[in-house]
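Subject: Structure handover

Hello,

I am passing the structure below on to you. My notes on what was found in it follow.

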Amino acid sequence: MMRAIELRNTVIGFDGKDILPPLSASSERAEITTLLGCNGIGKSTLLKTIAALHSPISGSLVVDGRDIFSMTRRDITATISYVSTEPVKASNMRVSDLIAFGRYSHTNWIGRLLESDRRVIAESADKVGLSALLNRFVDEISDGERQRAMIARALAQDTPLMVMDEPTAFLDTRNSSEILNLMVSLARNEEKGLLMSTHDIQSAINYSDKIWLMTEGGIKEGGTEDMVADGSIGEMFRGSSVTFCPVEGSFRPSARGRGKMRFYLQGEGVEAIWAGKAIKRAGGILCDKAGEDADFRLTAGSGRDGKCLFSLDDGSNIVTFSSIYQMSQYLRSGNIIC
């Protein structure tokens, strides 16, 4: 597999002043690498450095097999596309014109668009769901639509490496999922290297092949599942009000309240799974086995009408509920957990 990016003791910063120790990490073509880290750590600075918008202070930066210092500006635009979260200032410009900027490195010396370029522009707009907005002015569309237009511009640029700073920041859940699925398709089917930053840890876990975890000590890198299993992702939230569960790959509020009661969950199906999540969210603990260790037995089954019915048994009393919400209300109101 071809290396997309290689940082070799790369020092980043401004005006000759470094902001982090030398950074070493790599990403591959045909993979999605996600950059994680707290606010202000330098993620955007690193991405801009890789996209050749900032110069590294020292060290080596290799993109698609070439040292970035040996590349001309036209070489860089043909190799790296960049999507930023910064507001798009493009008054009196149509969406189609914004996307067309991505074709710069593919046009002739007078910058004329050919019919083949116009096809690429239309296809790029279609991939992000903007075909109906091509003739709209950029300042007339929403923030999320402008973000998709910037992603379409990067697609039209058709580079082997795409660098994206929080590409789904302004998108709703549906559009965010569609863009992330598109990124997977680009990596797998077109063998592009994709590097993105995000604050959505869940999406990073679900879609990334590799994680770059940026801290004040540098970058820790590894396969996504390896970073979850070895506790690296969870370490980001140590001391915070949420807990990362490496088994489920999900987050929940840290256990709270006096009781921290233990529940044995009996039943199968999606209702039982989500009943367990509700208990955890409330601060309860799920036991693997029934017995003396469990304060309550929660059973998820079917009532006479076929709908799911939940029963909570504390050993002396049984209370039934017709919904998970009803059960959660009972737990909270009775101060059983919190």
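By class, eight nonpolar, five polar and two charged residues make up the lining of the second largest pocket. Please keep in mind throughout that this is a predicted model.

That second largest pocket holds about 230 Å³ of space. It is lined by 15 residues, and those closest to its centre are Leu36, Gly37, Cys38, Leu213 and Met236. Two elements, strand E11 (210-215) and helix H9 (232-235), each give at least two residues to the lining of this pocket. Strand E11 provides the largest share of that lining, with three residues.

The largest pocket has a volume of about 290 Å³. Its lining consists of 14 residues, and Thr77, Ile80, Tyr82, Arg153 and Gln157 are the ones nearest the centre. By class, seven of the lining residues are nonpolar, five are polar and two are charged. Helix H2 (73-79), strand E8 (80-83) and helix H5 each contribute at least two residues to this lining.

Next, the nonpolar cores. The largest one has 35 residues, and the members that touch the most others are Val95, Ile99, Val128 and Met183. Six elements are listed as giving two or more residues to this core: helix H3 (95-100), helix H4 (115-127), helix H5 (143-157), strand E9 (161-165), helix H6 (173-190) and strand E10 (193-197). Helix H5 gives the largest share, seven residues. Setting aside neighbours within four places in sequence, Val95 is in contact with Leu130, Leu133, Leu134, Arg136, Val138, Ile141 and Ala149.

Last, the charged pairs. Over the whole structure, 15 salt bridges are found. One of them joins the side chains of Arg3 and Glu6, at 3.6 Å from N to O. Arg3 is partly exposed, with a relative accessible area of 33%, and Glu6 is partly exposed as well, at 21%. Both residues belong to a network of salt bridges that links Arg3, Glu6, Arg8 and Glu28.

Another salt bridge pairs Glu140 with Arg136, where the closest N and O atoms are 3.7 Å apart. Glu140 has a relative accessible area of 45% and is partly exposed; Arg136 is also partly exposed, at 34%. Arg136 is one of the residues in contact with Val95.

A further salt bridge is found between the side chains of Glu178 and Arg174, at 3.5 Å from N to O. Both residues lie in helix H6, four residues apart, which is about one turn of the helix. How exposed is Arg174? Its relative accessible area is 64%, so Arg174 counts as exposed. Glu178, with a relative accessible area of 41%, is partly exposed.

Regards

How values were computed
Residues are numbered from 1 along each chain as its sequence is written. This is a predicted model: local features need pLDDT of at least 70, side-chain atom pairs count only at pLDDT 80 or more; totals for chains, interfaces and linings use all residues. Side-chain values use heavy atoms; hydrogens and water are left out. A nonpolar core is a set of buried Ala, Val, Leu, Ile, Met, Phe, Trp, Tyr and Cys residues joined through side-chain atoms within 4.5 Å. Buried means under 20% relative accessible area, exposed over 50%, partly exposed in between (1.4 Å probe, protein chains only). Contact means heavy atoms within 4.5 Å. A salt bridge is a side-chain nitrogen of Lys or Arg within 4 Å of a carboxyl oxygen of Asp or Glu. On a 1 Å grid over the protein atoms alone, a cavity is a set of points where a 1.4 Å probe fits but cannot get out, and a pocket is an open set with protein on both sides within 12 Å along at least five of seven lines; lining residues have an atom within 4 Å of a point. Grid points are joined across faces, edges and corners, and a volume is the space filled by probe spheres set on the points. Ala, Val, Leu, Ile, Met, Phe, Trp, Tyr, Cys and Pro count as nonpolar, Asp, Glu, Lys and Arg as charged, and the others, Gly among them, as polar.
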